[in-house]
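Please look over the helix packing and the ring pairs with me. My notes are set out by point.

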Amino acid sequence: MTYVFLAAAALAVVFAVLAVVPRNPMTNVLSLVVLFFALAEVFAILGLDFLAAIQFIVYSGAILVLFLFVIMLLNIRNVEPFGSGRRW
């Protein structure tokens with residue numbers, strides 16, 4: 001049980017970094033999906049079943065699908081680094 005917890009926690013940390021570092025918004029959102037699933041698994045292992053269910057249903061099921069829909073609707077390719085745009 002401890003190894004499963006450590007694996008889920010490590011997975012959550014890795015995908016939390018991957019949700020912030022890349023410039024591609026689709027990669028960010030898909031990393032958030034895996035992160036929220038890993039967090040739900042950590043909550044379930046700790047015995048917080050209601051919190052795991054809420055994490056799974058509300059965040060992974062509703063909010064991130066909304067993020068994906070908006071990114072796909074706006075057709076965002078990459079985010080430009082700060083200060084690299086045209087000057088006014």
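The points below take the basis of the values, then the helix contacts, then the aromatic pairs.

1. This is a predicted model: local features need pLDDT of at least 70, side-chain atom pairs count only at pLDDT 80 or more, and totals for chains, interfaces and linings use all residues. Residues are numbered from 1 along each chain as its sequence is written, and side-chain values use heavy atoms, with hydrogens and water left out.

2. Helix α2 (residues 25-45) and helix α3 (residues 49-74) have axes that come within 8 Å and cross at roughly 175°. Axes are lines fitted to C-alpha atoms, for helices over the stretch in contact, with angles from 0 to 180 degrees between N-to-C directions. Helices (H or I, at least four residues) are DSSP runs, numbered from the N terminus. The two are therefore roughly antiparallel (angles over 145 degrees).

3. Residues of α2 that meet α3 include Phe36, Phe37 and Phe43; contact means heavy atoms within 4.5 Å.

4. The structure holds two aromatic pairs (ring centres within 6.5 Å). Phe36 lies in α2 and Tyr59 in α3, 23 residues apart in sequence.

5. Phe36 is buried, at 15% relative accessible area (buried is under 20%, exposed over 50%, partly exposed in between, with a 1.4 Å probe and protein chains only). Tyr59 is partly exposed, at 36%.

6. Phe37 and Phe56 form a tilted pair, 5.3 Å centre to centre with 40° between the planes.

Technical notes: Angles under 35 degrees count as roughly parallel, over 145 as roughly antiparallel, 65 to 115 as roughly perpendicular and the rest as oblique. Rings of Phe, Tyr and Trp (its six-membered ring) pair if their centres lie within 6.5 Å; planes under 30 degrees apart count as stacked, over 60 as edge-to-face and the rest as tilted.
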